[in-house]
Amino acid sequence: MLTLDVTHIIATHLTDRKITLWKNRRVVDPKWLHDSIAAGKLLPWNKYGLIQRSSAALFQPLLEPPSAPTASTAATSQNDAALALLSKSGVSNLTSRESTNFALKNSATSAGFLTKYYESSRLSKISNWKSDLKDYVLELKAETLKRHPPMSNPVSGARHKTIMHIDMDCFFASVAIRDRPDLKDKPVVVCHSKGTGYEDGIMDPTPGTSTSEIASCNYIARKYGIKNGMLLGKAQQLVQAYHTAHHASSPVPLHKHVTSVPYEFEKYDACSKTLYRILQEAGDDIMVVSCDEAYIDVSSRIAARGSGLEIQLAEDIRAQIFEATGCCASVGIGANMVTARVATKKAKPNGAFLIEPERAEEEFMVLGVGDLPGVGYVLKMQMEELGIKTCGDLVSFSMAECKKRFGEANGLKLYQFCRGVDTRSLENKPRQSVGAEVNWGVRFQTLQEAHTFLRELAGEVASRLDKSGMQGRHVTLKVKKKLYEGEPYKLLGCGPCQDLSKSKTLESAVSSVEAILQEVMPLFRDLGVAPGDLRGVGIHLSKLVNKSSSSLKGQTLLRFMTAASPTAKRVRDVVVEEEGEVQVQADPKEAPPVTAKRVRIVEPAPVRHAVEQAAVRHQVELPTASQIDWSILEHLPADIRAEVLSLRQQGGALQLSAQPAQPIPPPAVIEQLELPQIFAPKVPNIIGRTSYQDVIDLLREWVDCTNQPSVKDTSQIKKYLKALVENWEGERCLNVWKKLNMLVTERWSPNESIIWRRRLDSLKRDIGDNFLVTYGSLPSIL
């Protein structure tokens, strides 16, 4: 535990959370200790600071375009100082002037940034590829149905299910090598950098330092230890180190460098569509996975299992793909999707492999759990801590144990997959959302620059909505807020950031730039992130509806009012006549003036008639004097007691003095202000988040950042869950608690989640108490 007595913290790496917590502490590299011992004195810690290393700003003091070069010593020293600052920022592969010029030309404020970004962004292209390919497959199916109307369902008539998983080998790299035969026997990678001593057309003075991320590499490159996702600089170092260590003893010449080629998205797209045209003709049904991967159902084409038809058909498909695209594909075959995918690993590279149902158990028992679909690094580590390394180890766990340890959905999936069981069917789910997000090059100095970029991003989203023919009824704004000072190691990258989001469900579906921007700007203001702290921005629209299905553009879903005339609106039986507008100041400190309508509310004739009828019908029948308990008079005030006694002396039934009925006056004209609703009804929330998804996102961030949740944070969750129960939202309360349990189980191992378990038990007891008080019983889950 850190106390005030701790003067320095020694570390080599820090998590994002630690950077935030310790930003004002002296966090130093171990080299500080060694150098201090060697010098015989305590050296200044600043230049060894782990967090402070990134304190140089890329845009300051070089934001202004450089002036004409002069021979002055001052200018030279300023350039040297700037170079030193940029070196401390990690931008070591370019000179300071080149780095700054590159940043100015490629930041989000530069002209045509979004166009260039989406033309060259691999992640953006891949994220949209799947949806575009689904649309393309639907078009292919429609064309096929026109040519060959189906007489019956071919799949339903097949006795046995046969699924093929087709995966292109090193897709991006294969396309690059196809058009460059001289690279066939060299280690090749695909990324933004040119990778041969050059970076973006500028000579790299220090090869092996490029931070470009490798998207694809061929099998020759993989022999050197290169993998997809690795930085190009690291890949260069691996090849050079291997050459140095083995070139003397190697019987064949070894390569000294990696050859990098740029992205060629148009070629990838053409190749991908050719692949899907072939698969559409070859299978009964098709499921899009990505630009280079798909499942097809070929059940009707396999007359009998074990006849060799599966491999023969797979080889025919592979031959067609190679002839049409010039690229190799591997095919895995099985009785279901998970078996076919596992078979593909056996088929690679450039082959076909069949796992027959009789041999499925044998194949899966020795399969590593990391090879199962949906098992990532965190889940794999969690399983290995439990002694689960292969599917054979996982089979010993019952379904109940799997669900308890890995969550309801994940547990069931793992229980089935490790046994080679997969009940999923091939389907192409419709597009769920349309959006655009930028997490590179986002650097703003002013609020106006941020607003301008939001408009451009809204335009990109509107363009995508128009292309898909959809409108959205739910808008979400996502931003990344930096957790560091200065610039990250990767030039213009986002670095360690806090992810924030805010969303809103709209009354009417929107798709235009202005409509989207109108909804996004208030969300941006609510997030309250300073322009200089922004490192990523995204706009997404969900709850999509087809434009053609909407009969009235912009028609609200809740139609409370119908038009009566150009100057009047009728709400049920009340006519509202508008008489211009006035300015209403809500709170000068909190919000700008809002516009309200001055109206005249006229009570219509049917309402007055109903009041008259009620007055006639409403007659009160009072008791006689003998029916009253006169002892209660002792408890009445003296004046009232005297009045009642006077009535008693008169005898008979009590009579109330009544005034003659007054005629109902003509309809009154009441002048009032129709104010907008400024204060929304109070609903259960956690730091302003009210929707279930927003709350879950917040809990996920909480669980990811620590395995030692504080009592204060837990208290906030308790208050929220209690408010849900008191608001008669018990089911949501239980869902939130179950989801939090699942998040903790997925993120932390049993040994790491001891404190979490204590907090969860405390929440469970608190929920039980709240249920007993509000509902009078405990839910079965508790």
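**Exercises: a helix pair and a sheet**

The axes of helix α22 (residues 692-705) and helix α24 (residues 730-747) come within 10 Å and cross at roughly 30 degrees. The model is predicted: local features need pLDDT of at least 70, side-chain atom pairs count only at pLDDT 80 or more, and totals for chains, interfaces and linings use all residues. Residues are numbered from 1 along each chain as its sequence is written, and side-chain values use heavy atoms, without hydrogens and water.

**Exercise 1.** Classify how α22 and α24 lie to each other, and describe their contact.

Step 1. Angles run from 0 to 180 degrees between N-to-C directions of axes fitted to C-alpha atoms, for helices over the stretch in contact. Since angles under 35 degrees count as roughly parallel, α22 and α24 are roughly parallel to each other.

Step 2. The contact (heavy atoms within 4.5 Å) includes Y692, V695 and W702 of α22 and R732, L740 and R747 of α24.

Step 3. By class, this contact of α22 with α24 has ten nonpolar, one polar and five charged residues. Ala, Val, Leu, Ile, Met, Phe, Trp, Tyr, Cys and Pro count as nonpolar, Asp, Glu, Lys and Arg as charged, and the others as polar.

**Exercise 2.** Find the edge strands of the five-stranded open sheet.

Step 1. The strand order is β9-β10-β3-β11-β12, with mixed pairing; two strands pair if DSSP finds at least two bridges between them.

Step 2. β9 (285-290) and β12 (352-354) each have a single partner strand, so one side of each lacks a neighbour in the sheet.

Step 3. β12 runs parallel to β11 (residues 329-334), joined by three bridges; G332 has F353 in β12 as its bridge partner.

Technical notes: Helices (H or I, at least four residues) and strands (E, at least two) are DSSP runs, numbered from the N terminus. Angles under 35 degrees count as roughly parallel, over 145 as roughly antiparallel, 65 to 115 as roughly perpendicular and the rest as oblique.
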